[in-house]
Each structure stands twice: as C-alpha cells, then as structure tokens.
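Hi there,

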Amino acid sequence: MTKQNVLVSDTKSGLSMAITVAVTNSSSLFTTAAQKPPAVPGTTYITISKKKLLENLEINSGAKINAWVDSMRASSPTHLKSTPSLLSVDDVHDSWTQQHPSALEMFEQITNASKGKQIVMFLDYDGTLSPIVEDPDRAFMSDAMRATVRKVARYFPTAIVSGRCRDKVYSFVQLAELYYAGSHGMDIKGPSKGSQRKKGAEAVLFQPDTASEFLPMIDEVYEALLEKTKSTDGAIVENNKFCVSVHFRCVDERKWVELAQQVKSVLKDYPKLRLTQGRKVLEIRPTIKWDKGKALEFLLESLGEFYVLEPLIFLPFFL
Ligand SMILES: O=P(O)(O)OC[C@H]1O[C@H](O[C@H]2O[C@H](CO)[C@@H](O)[C@H](O)[C@H]2O)[C@H](O)[C@@H](O)[C@@H]1O
C-alpha cells in the first residue's frame, strides 16, 4: 500500500482541501487523514501538539474539569500561538502546505495510481464542503461547491461522512446521488437517484444494531443540556439524532469551566454515553463500537457487492 497526503486546491470551484489517498489492493485497508506524511529531507516541520486534545473526555471517575477545559482550549486555533515554536500563522500554513502538496501538481501520479481501480470519494461536510461559521444552522455550502460535488459524483461513488444528523447534511447538500453517513457514521443511506451500480441493487440503509435504543436517551440528554446550558451565553446545543453537540465557539473563554460543569452534571447520569471533542464542540455519543472509520469500511464493502469490475480494486479518497 502507498499513501500520499495532498492538498486539492481548485480556485475556480472553490475546492480547497486536504486529502489522503490510500492506494490499496484490498478494500478492507484504510488510512486516516490524520496520519503523518513522510518527512521531506531538509525541511523543518512544526508539529502542533495535540497532547491535550483528549479523544474521550472522562465523564465520571472524578475527572477534573480542568482537563476538559484544557482539551477545549487545545481545539481552538487561537491557541496555536501558544505552541513552543512561536511561529506565525503564516509559517504554520507554509509548513503545512509543504507537507501537503497540491493534488493538482501531483495529478499525473494520482491518475497513474488510479488506473484499473474504482475511485471512491469520502467527503467531510463542515470545514470541507462548507466554511466554518459561528451558527451551525447556517453552515451553507456554495452553489459552486455543490456543482463540483455533483460533478465528482457523476464519475465516482461519493459519500459525505459527518458528525451531524444525516437529514441536516442532506438539507445542506441536496444531492440525491450521494451516500450520506450521518451521526458520526451511525446512520447511513445510499443514493436515491441514478448511480453506476448494478441494476436492481438496493440503496444501502444501515444503522448499527443497538443504535436505535439510544434515540430516547439522546433526546432526553438534548433537552436536559438545552435547559442546563441556557444560562451560558453563546452555548448552542445541537441534536444530531444519535449524538448531541454542545458548541462553545461563541462562549466567552472565561465561561468554559462553567459550561464544562453544566455538561458534566447532565452526563453523570448517563454512563452509556461518552464524550469526545471536535472543533470548539463537545460531542456526546453512545458507547457503541461504531465510528466514521467503520462507516467507511461498511460503505466500501457494500460497494463491493454493487460493482462488476474484475478484479475490483478500490482507491478511496478522504477529504
Ligand atoms: O465530525 P464532523 O463531521 O466534522 O462534525 C463535527 C461537528 O461539525 C459541526 O460543527 C463544526 O462546524 C460548525 C459550523 O461551521 C461550527 O460552528 C462548529 O464550531 C464546528 O465544530 C456540527 O455542527 C457539529 O454538530 C459536529 O459535531
């Protein structure tokens, strides 16, 4: 397997994103965009420490609220300046783009690598197809981006994989020819409109076995969080169907401890839920063993049944 981290930057369409290409002979091999690309000799890279960005924030076990708040700070770009390198944002950006060269400059390598393979596109929504904005309900994608995604989906099976509720993502994207995996991959639906699949193949519709059992609990927690956090200015609670997000992008940093305490006080009664963190957002989700990675595996396996190419080799792109 070979891996290349590249940056797709297409000013005309507004497409500008980091992608990881995994060239593999097996549809069961995956890589993540977070994997580090090989170092280029003579180049000094800046590593932004994510040590304090906790994967899973402990809810019980007497977890200290300070650990939560440290993690919330680590997810904030304004804190990059506190990295030991003291480099400017431009330096960090330059270093990053050196590490992740433009995909357009590597177009030949990519097309060579894709020969005889079925490309599959996996796209994130927030911050990839739409700009990051303060109000999550207003994270609209541009018409140019929609036209680009429509074009991509004409040639390759294309899935949007998001932490958001599937219906919400669909309402933003409005392309019936795509796969949608919402709620961090816990809610998957196939295209409802023409595809390159075999005739008669059913649209995929999948939710992990036990996920639906969590729906009443998630609704309850959503209501409790709405009530509990209403005194914290700027806090936004979002119901993502199988998960709940508590946004702190617009909360004054001096109120983060207060917000963390409010969230913790609700979650202590729900040992079957866990807490993770995204960009200025606390994410509450079921403790089931399912995530975006599993959703990608599921989709590739499902696609394997639909395509008639012989031999069938997938080339998945993650944007
Ligand atoms: O895992 P993802 O698909 O990337 O979902 C993570 C969160 O994405 C959305 O929040 C992010 O975008 C918002 C709109 O630009 C922004 O306000 C917020 O600060 C970002 O974290 C989504 O609204 C959340 O529910 C997801 O948890």
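A word on terms first: a residue counts as near a molecule if one of its heavy atoms lies within 4 Å of it. Please also keep in mind that this is a predicted model.

**Around the ligand**

The ligand is surrounded by 21 residues, and the closest are Val133, Glu238, Arg279, Glu283 and Lys292. What kinds of residue make up this shell? There are nine charged residues, six polar ones and six nonpolar ones. Two strands each supply at least two residues of the shell: strand 9 (244-247) and strand 11 (281-286).

**Contacts with ligand oxygen atoms**

Val133 uses its backbone, where an N or O atom lies 2.5 Å from an oxygen atom of the ligand. In Glu238 the side chain is involved, with an N or O atom 2.6 Å from a ligand oxygen atom. Lys292 also has a polar side-chain atom 2.6 Å from an oxygen atom of the ligand. How much of the ligand does the protein bury? Taken alone, the ligand exposes 570 Å², and 95% of that is buried by the protein.

**Lys280**

Another residue to look at is Lys280, in the loop between strand 10 (273-278) and strand 11. Is Lys280 buried or exposed? Its relative accessible area is 11%, which is under 20%, so Lys280 counts as buried. Lys280 and Arg249 are 31 residues apart in sequence, yet their C-alpha atoms are 5.2 Å apart in space.

Notes: Residues numbered from 1 in each chain as written. Predicted model: local features only at pLDDT ≥ 70, side-chain atom pairs only at ≥ 80, totals over all residues. Heavy atoms only, no water. Polar contact = N/O pair within 3.5 Å; in protein donor to acceptor, adjacent residues only side chain to side chain. Areas by Shrake-Rupley, 256 points an atom, 1.4 Å probe, with all protein chains shown as cover. Helix = DSSP H or I, 4+ residues; strand = E, 2+ residues; numbered from the N terminus. Nonpolar A, V, L, I, M, F, W, Y, C, P; charged D, E, K, R; others polar. Buried < 20%, exposed > 50% of the residue type's maximum accessible area, 1.4 Å probe, protein only.
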